[in-house]
Amino acid sequence: MPQTYQKPLTAENYSQEPLLNVEGVTLQYKTKEHLVTATYKVGFKVFDAERFVLLGPSGCGKSTLLKAVGGYLKPVEGKITLKGDVVTKPDSGRVMVFQEFDQLLPWKTVKANVMFALTTSGKLSKKAAEERTMAYIEMVNLTDFAYTYPHMLSGGMKQRVAIARAMAMEPDILLLDEPFAALDALTRRKMQEELLQLGEKSGFTLLFVTHSIEEAIIIGTRILLLSPHPGQVKAEFNAGTLGYDNQGQNEFKELLGKIRDMLFSDAVEEETISTKGS
Ligand SMILES: Nc1ncnc2c1ncn2[C@@H]1O[C@H](COP(=O)(O)OP(=O)(O)OP(=O)(O)O)[C@@H](O)[C@H]1O
Ligand SMILES: [Mg+2]
């Protein structure tokens, strides 16, 4: 039976301080030859137990933004705070699953990869860490592969281990960069559902990157739409009442169409600019 997910309230209903506050953030990469501006003065707030989605075309700076929230990259302008503290470096309170594969330690089994981070923090006993590890491995459907090494797994399986590892740490905010993009449709759907169910159970806060509009609406309570490179905030949408069960309904389709039109108008603009410029 399909489940109905009770999504958290939208920002307007919150009175508390945001968990994550991104204010006027400009992010750049300096290479020998170039200075690449990845995002320009981007701002958004994420409240406790929200599932906030960053959506935008390839190269608009979604991964870069997520890396900055993770503490892997410092803004050249603006600031990022979590629970009021300025983010300066990676921390176990902000766990990230990167877009790239091969984030696992190749010399450790699936189980050891997930358990590693839990035991090094010293907060859990070995037994508790082991129990939690196996529960999350089961959640991503890899129990039969618990003692397998990463090189024997498919790309999608490796990604599921990385997701299990991040979730097992039960961080303040979970940063997921297109985590399901490489999965087949069925596994993707299952993982989306598991993620939503886990959100219900644990009440985690999620910052989720995708370029699928459907996925953004299903997963997100709010969606931030970014413009093409360099990424700037184009619009913000509430999707808190929409999930799987609403896919055929008008409200879902309208939001989908609205976001698609905005993305498409950007693409047309870009094409016009590049045609004029050539
Ligand atoms: N390490 C890097 N050095 C220099 N430029 C980079 C680096 N990483 C990303 N960029 C540039 O920054 C911009 C934003 O890249 P980013 O990876 O954040 O985009 P994205 O929105 O995640 O795209 P995609 O949807 O394809 O993953 C792009 O123009 C990219 O070329
Ligand atoms: Mg990316």
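User: Helices (H or I, at least four residues) and strands (E, at least two) are DSSP runs, numbered from the N terminus; how many helices and strands are there in the chain?
Analyst: This is a predicted model, in which local features need pLDDT of at least 70 and side-chain atom pairs count only at pLDDT 80 or more, while totals for chains, interfaces and linings use all residues. Residues are numbered from 1 along each chain as its sequence is written, and chains are lettered from A and ligands numbered from 1 in the order in which they are written. The chain holds seven helices and ten strands.

User: What distance does helix 4 reach from its first C-alpha to its last?
Analyst: Helix 4 covers residues 155–168, which makes 14 residues. The expected span (1.5 Å times one less than the number of residues) is 20 Å for this helix, and the reach from end to end comes close to it, at 20 Å.

User: How many of the 14 residues of helix 4 are buried?
Analyst: A residue is buried if 20 or more other C-beta atoms, placed from the backbone, lie within 10 Å of its own, exposed if 12 or fewer, and partly exposed in between. In helix 4 the buried residues run through Lys158, Gln159, Arg160, Val161, Ala162, Ile163, Ala164, Arg165, Ala166, Met167 and Ala168. The helix is therefore largely enclosed by the rest of the structure, the buried count being eleven.

User: Against which helices do the buried residues of helix 2 pack?
Analyst: The buried residues of helix 2 are Val110, Lys111, Asn113, Val114, Met115 and Leu118. After the helix comes glycine 122, whose phi is positive, near 75 degrees. The buried residues listed for helix 2 pack against helix 3 and helix 4.

User: Which residue that follows helix 4 has a positive phi, and which residues does proline 171 touch?
Analyst: The residue with the positive phi, near 45 degrees, is glutamate 170. Proline 171 lies in the loop between helix 4 and strand 7, and with 17 C-beta neighbours inside 10 Å it counts as partly exposed. The C-alpha atom of proline 171 is separated by 8.4 Å from that of threonine 205, although the two are 34 residues apart along the chain. Not counting residues up to four places away in sequence, proline 171 touches Ser92, Gly93, Arg94 and Val95.

User: Which are the edge strands of the open sheet of six strands?
Analyst: Strands pair if DSSP finds at least two bridges between them, and on that basis six strands form an open sheet in the order 6-7-8-3-9-10, with mixed pairing. Within this order, strand 7 and strand 8 (205–210) pair in the parallel sense over five bridges, with leucine 174 standing opposite leucine 206 in strand 8. Each edge strand pairs on one side only, and the edges are strand 6 and strand 10 (233–238).

User: In the open sheet of four strands, which strands stand at the edges?
Analyst: The four strands have the order 2-1-4-5, and the pairing is antiparallel. Two strands have a single partner strand each, so one side of each is left without a neighbour in the sheet; these are strand 2 and strand 5 (85–86).

User: What is the bridge partner of leucine 82 in strand 5?
Analyst: Strand 4 (77–82) and strand 5 run antiparallel to one another, with two bridges between them. Leucine 82 takes part in this pairing, and its bridge partner in strand 5 is aspartate 85.

User: How many residues lie between strand 1 and strand 2?
Analyst: Strand 1 and strand 2 run antiparallel and are joined by eight bridges. Across this pairing, valine 25 stands opposite valine 42 in strand 2. The two strands form a hairpin, and the number of residues between them is four.

User: Which element gives the largest share of the shell around ligand 1?
Analyst: Of the 15 residues around ligand 1 (C-beta atom, placed from the backbone, within 6 Å), Tyr29, Ser58, Lys62, Ser63 and Thr64 come nearest. The elements that give two or more residues to this shell are strand 2 (35–46) and helix 1 (62–70). The largest share, three residues, comes from helix 1.

User: What percentage of the residues of the chain count as buried?
Analyst: Among contacts in the chain with a separation of 6 or more, 69% join residues 24 or more positions apart. Of the 278 residues of the chain, the share that counts as buried is 37%.

Methods
Two residues are in contact if their C-beta atoms, placed from the backbone, lie within 7 Å.
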